[in-house]
Amino acid sequence: MNDSTQERLKPELGARDKPGIVHLGLGAFFRAHGAIYFSELEHLQGEEKNAAGAQESGGEAPSASKENPGKNPRLGILGVSLMRPDQRDLLAPQNFAYHAVELAPEGRRAELITIIRDMLVAPEDPAALIAAMADPDIRIVTLTVTEKGYCHQPATGKLNRQHPFIIHDLESPLPRSAIGFLVRALARRREDGTPPFSVICCDNLPNNGPLVRNLVLELATAIDPELAAWIEKEGRFPATMVDRIVPATTQADIAALSAQTGVLDLSPVMHEPFRQWVVEDNFVAGTRPELERVGVQMVSDVTPFELMKLRCLNGTHSALAYLGYLAGHETIFDTVSDPAFDAYCRQLWRKEILPGLPAPEHTDLQAYTDQLMARYKNPRIRHLTWQIAMDGSQKLPQRILGTISDNLAAGRDSSGLILAVAGWMKYVSGVDEQGQPIDVRDPLRETLRAVIRQRRTTESQVDALLSITAVFPRELAQNPSFRDPLAQAFGMLEERGAQASVEEILY
Ligand code: CS2
């Protein structure tokens with residue numbers, strides 16, 4: 001537990017540049033991933049400036065405003081919480097500094113990250129956030145708002161017009177959704193004669209750049225078609241693939257860190273050593289940071305990287321999360337330490353996922369999945385199956401259902417992935433194998449509950465869940481080569497439990 005008498009982390013940071021980046025949805029993932037890349041680039045550029053003998057200003061760097069575009073956009077980050085003040089309240093007393101703790105099998109290593117300049121909590125003052133995003137010095141807006149934060153229909157890629165935030169944002173100039181803030185801030189920039197910022201989506205969504213672009217254009221069209229035309233012409237929404245495993249920080253992590261550093265950091269982030277960021281090289285002029293200098297892969301097409309990551313990593317993560325949770329495993333490490341689940345995961349890659357996957361340039365998919373298993377087996381990463389099981393209705397399509405559809409079309413087996421879908425169906429029924437309640441977190445929880453409440457037979461439950469078109473494309477739901485083995489797998493899970501079902505399908 002924390003020693004409350006211990007001194008709180010509060011580094012003296014001196015005068016620093018204004019931010020050049022706004023990040024919407026400042027949670028642990030971005031602080032352990034994107035923020036670290038930007039921080040490394042800022043250090044690199046700072047060292048070069050010093051080495052070049054640039055006069056030590058002790059204050060502001062030369063302005064990168066539109067009169068003076070400068071070579072590089074500023075890299076300091078203005079973090080934004082779109083819902084609650086908790087994160088700001090934890091970071092503000094620490095001058096927005098925090099530790100990023102690398103959890104390697106060999107040991108822990110903490111690094112102090114000071115790239116965050118300030119934080120805003122959107123609902124407290126939405127006008128202030130729009131003004132901040134309209135500042136010409138802001139060149140980039142990054143987002144991690146989770147799959148559900150885009151207020152869209154995953155099956156169609158359109159805005160969910162029934163979503164209360166979208167209903168509100170269509171009327172009010174003071175938005176509540178991330179898409180609403182992007183649109184209103186871009187509108188302000190247009191009025192001011194400022195070029196748009198580049199929008200970098202860092203969520204695990206397929207084709208995430210074009211998806212966000214389409215959502216922004218849809219809302220902008222409904223508000224002002226001329227604005228939409230301007231965004232369509234001038235705006236840029238590079239697609240990205242992001243990867244780093246970031247388990248939730250625990251009280252024990254906080255205590256271990258403060259014992260090591262001697263100061264109390266109430267908001268550190270934990271992460272594995274591995275990281276990858278692939279970004280489409282498609283930016284508004286003057287907004288592109290030199291991210292390739294700190295290991296980001298800048299490419300012309302992110303699609304193969306994104307498919308590889310969503311299907312190999314996130315697909316097996318979700319499969320292991322549902323079935324592992326049902327079998328009584330608390331973490332991914334615990335799950336793959338069970339030989340049956342290890343074999344199940346490798347079988348998913350070998351037989352069901354890799355055969356239909358195009359390899360990105362310079363990538364050996366076999367080596368990639370071997371490395372993934374080693375990442376899952378990092379004993380210091382306690383990534384809860386319950387955490388990954390969250391929001392399954394938003395995750396299944398891009399992680400698992402796409403692979404199943406491709407396998408059906410190619411006549412390939414999908415029995416392991418179908419068992420994972422059955423695992424999700426069992427999980428969202430809300431009762432585990434011991435008859436204990438499961439704390440199901442999902443934006444469709446009410447719909448799922450209503451469907452499950454009407455349940456008569458195992459088969460009718462499967463059919464009722466399959467009829468949720470926001471999750472299952474109609475063509476797939478109605479294909480007996482999917483539906484029948486799914487009903488069978490669900491029946492097997494109910495009768496024999498997850499452990500025996502996983503063992504049963506190994507070959
Ligand atoms: C996980 C991801 O929580 C989840 O759904 O699958 O957060 C995963 O850890 C990251 O995408 C890894 O890059």
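We'll begin with the whole chain and then go to some aromatic rings.

This is a predicted model, where local features need pLDDT of at least 70, side-chain atom pairs count only at pLDDT 80 or more, and totals for chains, interfaces and linings use all residues. Residues are numbered from 1 along each chain as its sequence is written, and side-chain values use heavy atoms, leaving out hydrogens and water.

Start with everything in cartoon: you're looking at 20 helices and 13 strands (DSSP runs, H or I of at least four residues for helices, E of at least two for strands, numbered from the N terminus). Along its principal axes, the C-alpha trace spans about 70 × 55 × 45 Å. Colour by burial and 55% of the 507 residues count as buried (under 20% relative accessible area, 1.4 Å probe, protein chains only).

Now for the rings: the whole structure has 8 aromatic pairs (Phe, Tyr or Trp rings, the six-membered one for Trp, with centres within 6.5 Å; planes under 30 degrees apart are stacked, over 60 edge-to-face, the rest tilted). Select Phe38 and Trp277: their ring centres are 5.8 Å apart with planes at 90 degrees, so this pair is edge-to-face. Phe38 sits in helix α2 (residues 34–51) and Trp277 in strand β12 (residues 276–280), 239 residues apart. Both Phe38 and Trp277 are buried.

Next, pick Tyr322 and Tyr427, another edge-to-face pair, 5.4 Å centre to centre with 65 degrees between planes. Tyr322 belongs to helix α10 (residues 303–326) and Tyr427 to helix α16 (residues 415–427). How buried is Tyr322? Its relative accessible area is 0%, while Tyr427 is buried at 2%.

Methods:
Buried means under 20% relative accessible area, exposed over 50%, partly exposed in between (1.4 Å probe, protein chains only).
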